[in-house]
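Let's go through this model together.

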Amino acid sequence: MIKTRATPSPVKTGAVISAPVLPVDIRVAGLCKSFADTPIFQDVSFGLPRGEAVAIVGANGTGKSTLLRCLMGLIPADSGSVDVLETDIVNARPAALRATRSQMGLVSQKHNLVPRLSVLSNVVQGLLGQRPGLRHWSQTFAPAASRDAAMAALDKVGLAHLASRRADRLSGGQSQRVAIARALIGHPKILIADEPTASLDPAAGEDVMELFFSLARREGVTVIFISHNIDHALQYGDRVLGLAGGKLGLDARADSLNAKQLRGLYD
Amino acid sequence: MRNNCGAFMTDMTSPARFERPSALAFLGYAGAIVIILWSFAGAGFSVDKVISSPPRFADFIDRAFPPNLEPKVLARLGWKMLETLQIAFAGAVIGVILSVPIALVAARGLIAGNWVNQIVRTTLGFIRAVPDIAWALVFVVAVGLGPFAGMLAIAIDTIGFCGRFYADDMEAADTGPAESLTATGARKLDVVACATIPAAMPAFISTSLFALEKAVRSSTILGLVGAGGIGIELKVGFDLFDYPTAMTVILMIAVVVITIEQFSGWARTKVIGEQR
Ligand SMILES: Nc1ncnc2c1ncn2[C@@H]1O[C@H](COP(=O)(O)OP(=O)(O)O)[C@@H](O)[C@H]1O
Ligand SMILES: [Mg+2]
């Protein structure tokens, strides 16, 4: 495994950075990842300016989730560089990595709430990156300011009335909204969502996407989301990245694409 | 492919009822039989004794029944049984509490590195390999005769059991919540406390109930080596040929152990059922 830091070359694939004054929140260059001897993707490069919403599309198993994990430093990349909010994720020391992650929020397909804990505790734990330690393990010990912040985040997703409900007693749509509240409580600069609607029925899925993007826009955050729903990708993404055959085969503005072109990626 | 008659040309002969073993399998069977016979010889298996034992056993039963149900004896044995349960419970609680931090460093990929995991797991394996009664002997030497030695033996036995199985429980727990908390920038310790342990909690409770059952079973015989509890009454009963009292002790142990197993089974379904 070689850890080369690719020279900060200008991003190759269609880097249409519309307004150059905006800071680039995420810059990925020459990223390669394989598991054991199975290559997942090679030479993935792109850059995302602040406030842009990017959809990642691609068939199952093309490595979309793996790419997101590399972005957050949850798994190591083989080679290439990832810079998020001016931090070199590949070479960052643990403390710097945690500091960067604390400015990101993750919403995943399975919601990943901690079962058996209350909804409020789950949301309070979203602050652990910024306020480590015992007091944010549970709403019981949390400082009043954190509890208020959690209630405010729950209110934004319309679930303040369920604050004391156990997390494993929620419907799918409700628990995904709690996961969004947990991701938002720390006011992240980047929101990442991995198939946020995959385990929801279509109506709940629409609600969650609507809510997620209205909040994301209000907070002016950069969004990366994976979706198998081509309409969602085109409707909510400013830009669409497509993974196919281990390469970033598509990087285009959403308004320049139509559904048929995207469907081609799944063949 | 079809033949003239239009039927598929499949081989219709059914397979043989018995397949002839390969030479290697045959050697394996022969070897196993030799080992079994050899073990019987080593265990002093004697047809004579098997034949002569039913009358002797009947004689023991005859002398042991009816069990000694004198109120004075029952009261004494009852108190002793209570002490036994106290030893089991106190030892199991201490063991369970100490097992959590030990399991945290024994679980692979959690907070400690591979080397530490391996060392801790090997140590736990050693603790389990030493029988509870041997631990009791060791603690009798260390802290003197009495229930405290028994409690320590139960505690260390529980650590050997729970330390290992808690670690397995945490390794098997759903990693999703832990990943989501890691993604918020949380420290490892916070992630373990907030996601891994709650996710493994039902398995922890189930494991702890097994540990309690095991502790109760162990505690009833610790008295044989002077480490407290009702076991001493069993020993004295047999030493003095007071078989009715010994029989009372055996029956009491059976009732208590079965009750604990029933309770633990009931509590386990409560916990697992509640989780879903
Ligand atoms: N931790 C891992 N170890 C080994 N292989 C993995 C691991 N995670 C994912 N994979 C494999 O990598 C491939 C890409 O997975 P993933 O990124 O989850 O795909 P996607 O999200 O695009 O459906 C899959 O074939 C998957 O089996
Ligand atoms: Mg995926």
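Q: Which residues are around ligand 1?

A: A residue is near a molecule if its C-beta atom, placed from the backbone, lies within 6 Å of it. Here the residues around ligand 1 are A:F35, A:I40, A:G58, A:N60, A:G61, A:T62, A:G63, A:K64, A:S65 and A:T66. A quick note: this is a predicted model, where local features need pLDDT of at least 70, side-chain atom pairs count only at pLDDT 80 or more, and totals for chains, interfaces and linings use all residues. Residues are numbered from 1 along each chain as its sequence is written, while chains are lettered from A and ligands numbered from 1 in the order in which they are written.

Q: Which element gives the most to the shell around ligand 1?

A: Helices (H or I, at least four residues) and strands (E, at least two) are DSSP runs, numbered from the N terminus. For ligand 1, α1(A) gives the most, with three residues.

Q: How do I read the sheet in chain A, and what is the order of its strands?

A: Strands of a sheet pair through backbone hydrogen bonds, either parallel or antiparallel. Two strands count as paired if DSSP finds at least two bridges between them. In chain A, four strands make an open, antiparallel sheet in the order β2-β1-β4-β5. β2 (38–49) and β5 (87–88) of chain A are the edge strands, each pairing on one side only.

Q: How many bridges join β1 to β2 in chain A?

A: Eight bridges join β1(A), residues 24–35, to β2(A). Look for A:K33, which stands opposite A:F41 in β2(A).
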